[in-house]
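Hi everyone, thanks for making time.

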Amino acid sequence: MMPRKAGTGQPIVLGEAFVTTNKRSFRAGLAGAATLALTAGLAVAPAAQAGLSAVTAEPIRIGVIAEAQSVAGSSLAPAAQLAAEEINAKGGVDGRMIEIVVYDDHSSAAEAVRAFQRAVSEDKVNAVIASYTSEVVLTLEPWAARLKTVLITPGAASDVITENIAKDYEHNKYTFHGYLTSSALAQLVCDAAKDLLVDPHKMTSAIIVSEDAAWTKPLDGGYEACLPKIGLKVLDHIRFSPDTTDFTPIFNKIEGEKPDVMITGISHVGTQPTVQWKSQQVPIPMFGISSQATNSTFWQDTNGATEGVLFNAVSGPGVAVTPKTLPFVEAYQKKNGNVPSYAGFTSYDEVYYIADAIHRAGSTDSDKLVTALEATDYIGTIGRVQFLPQGDPHVHGLKTGAGFITGLMLQWQDGKQVNLWPKDLANGTLRFPSFIKLSNN
């Protein structure tokens, strides 16, 4: 079945005919297929071991709904395709190939809904990986319930996604949060700020600076709760429209209040705050969440203005969070010419643990798949993936902390993303641009 572009019904080219290519590879290596079973626990079907063609097996179809034109969303589909290629090269899931069906929602919740409906009703997908945008995922969540189709987000952060599941589990159990909730992100940013800013540089004050969006409301609430606990007094809380094009008055206001650091929550606003921070020579560090900064193109996108920006991520180039992290980055870069954004890491992992859940369930039935996903225990590129259980206020959210997902704090230095935190995974040391003034240092 040819993938179609959301909202048009027209075929969309996937870059490579990887399904056909890997079917040929599978036939060529069929005799040894049993030895090619995935280390995650996937197995080759008895029919395949007997020499039957994998072409006769119905493929497993995974829909990917992404904001293809955005910096953070551009990695979703290529990363998912890479995972599918790797799984298919090892015999698929019990002999069934994985087919990735891509839809571009053009950052529109309405187009995402149409894509989701088409994916389920027309393209007969078995699960959907969708969006790094919370507003889009929150719009899709009731449709996942209505159409009883598994939906996993690789990048949306709003706590409301998991809160909805907790409030009405039987209806909303088909949604899984494959990225960190905003409140979890806030705590990780505070943990990093204590180790990188408060303890060594004696910083004592901060201003929260976030775009006005669904994902930043719980993020900012988390900041307000945890920043004072680590010794950073919150002097102000500034929320701005994601459509803001001139940050001069915002930065002027911040400079007038003289905080030691800006704690950020920015994504959809794009490059503008970073570019103006540099051009205006704002003498205050930017530290927190900057989703666009996770992509390797951000240096070029900002013409180097991102030098010195500190940002949270679940993984990063050159950082061996797990034994799977660096091989993924290398393979992605070789295939696509750039390093993936944060949502690329999670999208890649999600294809793998969806495949693993289908194998363990022995079925693509949605209810059986939900049960299998709830029992996920998978080492991915970002850490150990397990989901919070029923009864937790963030059911189907990822477990965080030691032994699970801890996150990183990276900084742009000389055109590269350098990890500074946690200490055992650091591959560089903190340094600030010359225009930054550390008042308490």
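**A walk through the model**

Let's start at Ser 241, which is found in the loop between strand E7 (233-240) and helix H10 (248-257). Helices here are DSSP runs of H or I with at least four residues, strands are runs of E with at least two, and both are numbered from the N terminus. At 36% relative accessibility, Ser 241 counts as partly exposed. On that scale, buried means under 20% relative accessible area, exposed means over 50%, and partly exposed is in between, with a 1.4 Å probe and protein chains only. The C-alpha atoms of Ser 241 and His 268 are separated by 9.6 Å, and the two residues are 27 residues apart along the chain.

A word on what you're looking at: this is a predicted model, where local features need pLDDT of at least 70, side-chain atom pairs count only at pLDDT 80 or more, and totals for chains, interfaces and linings use all residues. Residues are numbered from 1 along each chain as its sequence is written, and side-chain values use heavy atoms, with hydrogens and water left out.

Now the overall picture. The chain has 15 helices and 14 strands, and of its 441 residues, 58% count as buried. It exposes about 16,300 Å², with carbon and sulfur atoms supplying 52% of that; the areas come from the Shrake-Rupley method with a 1.4 Å probe, and for residues only the protein chains shown count as cover. Take the contacts in the chain with a separation of 6 or more: residues 24 or more positions apart account for 71% of them. Contact means heavy atoms within 4.5 Å.

What do the side chains of Ser 210 and Asp 220 form together? They are joined by a polar contact of 2.7 Å. By polar contact I mean a pair of N or O atoms within 3.5 Å; within protein, one must be able to donate a hydrogen and the other to accept it, and residues adjacent in sequence count only if both atoms are side-chain atoms. Ser 210 is in strand E6 (residues 205-211), while Asp 220 is in helix H9 (residues 216-226). Ser 210 is buried, with a relative accessible area of 0%, and Asp 220 is buried too, at 1%. Asp 220 carries the chain on: another polar contact of 2.7 Å joins its side chain to that of His 237. Leaving aside neighbours within four places in sequence, the residues in contact with Ser 210 include Leu 219, Ile 238, Phe 240 and Thr 264.

On to the rings. A pair of aromatic rings is described by the distance of the centres and the angle of the planes. The rule is that rings of Phe, Tyr and Trp (its six-membered ring) pair if their centres lie within 6.5 Å; planes under 30 degrees apart are stacked, over 60 edge-to-face, and the rest tilted. By this rule the count comes to 13 aromatic pairs. One of them is Phe 176 with Phe 387, an edge-to-face pair at 5.0 Å centre to centre and 65 degrees between the planes. That pair links distant parts of the chain, 211 residues apart: Phe 176 is in strand E5 (residues 175-177), and Phe 387 is in the loop between strand E12 (384-385) and strand E13 (408-413). Both Phe 176 and Phe 387 are buried. They also belong to one aromatic cluster, whose members include Phe 345, Tyr 348 and Tyr 352.

Then there's helix H14 (residues 342-361). Its 20 residues should span 28 Å at 1.5 Å a residue, and its end C-alpha atoms are 29 Å apart, which agrees. The expected span is 1.5 Å times one less than the number of residues. H14 is mostly covered, with 17 of its 20 residues buried. Just after H14, Gly 362 takes a positive phi of about 65 degrees.

Most residues other than glycine have a negative phi, and most peptide bonds are trans. Ser 107, though not a glycine, has a positive phi of about 60 degrees. Ser 107 is in the loop between strand E2 (98-104) and helix H4 (109-121), and is exposed at 51% relative accessible area. Finally, a cis peptide bond joins Trp 421 and Pro 422, with omega about 0 degrees.
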